[in-house]
Amino acid sequence: MTIYEYRQFGTKSSALPFIQRGSYSHVGGRRKGKPYVVQDMSVGRDLTFETSQQPTLPPFLKKSPIVSIRITDVDESAKEELVFQGNVPYNHEEYQRRMAPPVSKQEHEDMKLLSQIQGKIHNQLKKRAAKTLIGLGRHFSQLDRSGDGVLSRTELKEALSTYHINIEQLLFDKLWDVLDQNGDGAIDYAEFRRAFVGEMNEYRKGYVRKVFHKVDSNKSGTISKDEIKKFYCVQKHPKVVQGLATPAEVLEEFLQLFEGRNKEISFGEFDDYFEGTSIMTKHDDDFVNMLKSCWGL
């Protein structure tokens, strides 16, 4: 396996190795140590690698012992050929089963646990989801002085209490055991949030990326208030259209992202906001249409 990074140099582009060519295995979770297979190349899956084995990674990524890469698109025809070698089954269920990543009985039980926890959390967050997720993200960034993204059990419990998120101790302990596979008493915050709250699917997330790239017109990797005001058409927001809020109220809600010291926000904070919006939006089409209307996609 090799993962390339495409860089633009003037009118030319070059593909540079980001993850060096080699044979790799899962570095965490229930399948730790098991080699990656073709079926792992599925939209929405994460590939994880030990940063110590990757000399070309930038220094800020090497602060963490593991780098995670999200798969956002797959050539399904090429994958099909690799999986079936020309003998594609006629039965749709068999086709889906053999194309999907393998799932053990224990992993299936883990997914049931996560679904149960996420349902409880979503019921608590409801209308405050976006603000809560943004606040949690900033809270953990302040705690993470080393920059490795890893936090302790105590830090996570205190943060959840601060933001009035309640979960039974038994469920929290079960979740912790699922995530802290090596038993070192610390886990990655991003992984915890995905397990605890869940995340929008890649169809939705793809449109969030399109919005950010459009608003970030100077390609600085952050966006400012002025850029938001330039591109955000609040008059077309569903709350305004339905008479539930004024354009000024909808804009002010979004600009709360910049409260305090933040003059600009990163994609991570932008994504947190829409993760919260996604929790409150049941259907994919409603979510995507909202983005298209409000941001002129």
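**View 1. Lysine charges over aromatic rings in the predicted model.** The charged end of K157 sits over the ring of F172, 4.7 Å from its centre, where a charge counts as over a ring if NZ of Lys or CZ of Arg is within 6 Å of the ring centre and within 35 degrees of the ring normal. K210 lies over the face of Y207, at 4.5 Å from the ring centre. This is a predicted model in which local features need pLDDT of at least 70 and side-chain atom pairs count only at pLDDT 80 or more, whereas totals for chains, interfaces and linings use all residues. Residues are numbered from 1 along each chain as its sequence is written, and side-chain values use heavy atoms, with hydrogens and water left out.

**View 2. The ring pair of Y232 and W295.** Rings of Phe, Tyr and Trp (its six-membered ring) pair if their centres lie within 6.5 Å, with planes under 30 degrees apart counted as stacked, over 60 as edge-to-face and the rest as tilted; the count by this rule comes to 18 aromatic pairs. The rings of Y232 and W295 have centres 4.4 Å apart and planes at 0°, so this pair is stacked. Both Y232 and W295 are buried (under 20% relative accessible area, 1.4 Å probe, protein chains only).

**View 3. The largest nonpolar core.** Such a core is a set of buried Ala, Val, Leu, Ile, Met, Phe, Trp, Tyr and Cys residues joined through side-chain atoms within 4.5 Å. Of the 29 residues in the largest one, I228, Y232, F254, F270, F274, L291 and W295 touch the most other members. Apart from this core lies another, of 27 residues, among them L113, L151, L171 and V197.

Key
Buried < 20%, exposed > 50% of the residue type's maximum accessible area, 1.4 Å probe, protein only.
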